[in-house]
Amino acid sequence: MNESQFKEIDALLHKIGSKETHNQHETWVAKHAAIDGDPKKNHLTHNDLDILDVLLDGEKTVSEVVAAIQITQGGTSRRINHLEKLELLEKFHQAVNKKTVYLKLTPSGRKLAQAHMQLHKQLREEALAAVADFSDADIQTVKNFLNRLIKVQEDFQSED
């Protein structure tokens, strides 16, 4: 691979996770969850949406949510407080355990989480359709290529 090819591939990879793409996802979720009445709910972080997604399965403790989304306890607590203020989730204690804080979705939070899950389902289906004509060998080559780039990043970070 030459420098020009590297730059082109690097630009393409960055475009996949770009701020513009994130904004498109926010807009899609807001439209499909019908939350346009509250502009604050149109600008949730990926971590906010991940928390809501985890709670789709039912009530969870804060510790269970922290473990599921893999951000710090402090970061998770800030996001939970933000989501509670937006009335997307509720905190509560169970009668048998007054110390442990549990979380559950409000109806608005459930609707938003379901819209977020639908977005990912639709994106996955469209991505699969877009590459349906690639052979298994083509896909393996792409995987090998990306894994090698990831390894370079990991090795670089471990040298520090």
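Colleague: How far apart in helix α6 are Glu125 and Lys121?

Modeller: This is a predicted model: local features need pLDDT of at least 70, side-chain atom pairs count only at pLDDT 80 or more, and totals for chains, interfaces and linings use all residues. Numbering runs from 1 along each chain as its sequence is written, and side-chain values use heavy atoms, leaving out hydrogens and water. Helices are DSSP runs (H or I, at least four residues; strands are E, at least two), numbered from the N terminus. Glu125 and Lys121 sit four residues apart in α6, so their separation is about one helical turn.

Colleague: What is the closest N to O distance between Glu125 and Lys121?

Modeller: A salt bridge needs a side-chain nitrogen of Lys or Arg within 4 Å of a carboxyl oxygen of Asp or Glu. Glu125 and Lys121 form one, with N and O at 3.9 Å.

Colleague: Is Asp48, the partner of Arg79, buried or exposed?

Modeller: Arg79 in α5 pairs with Asp48 in α3, so the bridge ties parts 31 residues apart in sequence. Their closest N and O atoms are 2.6 Å apart. Cut-offs are under 20% relative accessible area for buried, over 50% for exposed, partly exposed in between (1.4 Å probe, protein chains only). Arg79 is partly exposed at 22%; Asp48, at 0%, is buried.
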